Amino acid sequence: MEAHKLQPRGEQRVHISQLPMTWRNWYKHLNWWGIILTIVVPLYGCLQAFSTPLQKETAIWSVLYYFCTGFGITAGYHRLWAHASYGAFLPLKVFLALSIAHWLGEQPFDDRRSSRDHLITALLALGEGYHNFHHSFPSDYRNAEKWWQYDPTKWIIWVWGQLGLAYDLKTFAASEILKCRLQQRQKLLDHEKLQLDWGIPIESLPVIQWRDYIYQTEVSKRPLIVISGIVHDVSRFMDTHPGGRIMIQSGIGKDATSMFKGGVYMHSKSAHNQLAKMRVAVIYGGGEVADYQRQEE
């Protein structure tokens, strides 16, 4: 052999998987047996179905074969061996000898991963469609929390447990599942809340004395009202106030906390939210009463 073709002693050959894919070697990166078994054979069967009459026995067998092979993947390879969510004795192990679940559906437990929950995926994959639950609680033998959610793999594992073929069926505590659900829900609510205008944060407002507030209303004639120690500029709201202009004018230059919070009318959450967008300052000490107390001291 030529010298350049001889492989140096002790040097290991590089596997194709360790080399980058190029136009020259792309076909070497493919698992051709896998392609034939997962694509070519099913495609050939679909084409033959158009020319071959369906027999009742064949239809029954196809359904049974679908569930048997499917359980081998979902209950065997996935939940038994990959996640050890339950134990199985030898006869069951011999029998057991994804994916749209990552883009179709919702993420009720954790959105840091791509896994999602959806009934359509569950119907197609023997219950594997509740994938967000599964990735959040991987050692739980169930793929769906509720017993009525479509997950035949969960049901069959439970039956195996009742028959003594499977054991140690692991589940997460309902309280822990609820925690994750509430945390994810709160995360979505917080994100949605950030998209709305809630007014200037109180900690970012300037702090003024009560006398400065009085000066602004009496000398500068600004339509300011204090409620709960916060100064609000109501100039753009006076003409649209449901109680009329006179009602809102009666609170200018005063501490209108009791008036706003039930003394005259118990305002709604919507009113509180609108008021928050009118914040302009914070009264030092909290309000008129606190200012008078400091003066007495």
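Me: What should I keep in mind about numbering and confidence?
Reply: Residues are numbered from 1 along each chain as its sequence is written, and side-chain values use heavy atoms, with hydrogens and water left out. Because the model is predicted, local features need pLDDT of at least 70 and side-chain atom pairs count only at pLDDT 80 or more, whereas totals for chains, interfaces and linings use all residues.

Me: Which way do the residues of strand E4 point?
Reply: In a regular strand the side chains alternate between the two faces of the sheet. In E4 (residues 224-227), Leu224 and Val226 point one way and Ile225 and Ile227 the other way, and all are buried, buried meaning under 20% relative accessible area with a 1.4 Å probe and protein chains only. Strands are DSSP runs of at least two residues, helices (H or I) of at least four, numbered from the N terminus.

Me: How do E4 and E5 run, and how many bridges join them?
Reply: Strands pair if DSSP finds at least two bridges between them; here E4 and E5 run antiparallel, joined by 4 bridges, and leucine 224 stands opposite aspartate 233 in E5. Their hairpin has 2 residues between the strands, and serine 228 takes a positive phi near 55 degrees.

Me: Is histidine 241 buried or exposed, and what does histidine 241 touch?
Reply: Histidine 241, in the loop between E5 (230-233) and helix H9 (245-249), counts as buried because its relative accessibility is 16%. Contact means heavy atoms within 4.5 Å, and histidine 241 touches Met247, Ile248 and His267, not counting residues up to four places away in sequence.

Definitions and conventions
Buried means under 20% relative accessible area, exposed over 50%, partly exposed in between (1.4 Å probe, protein chains only).
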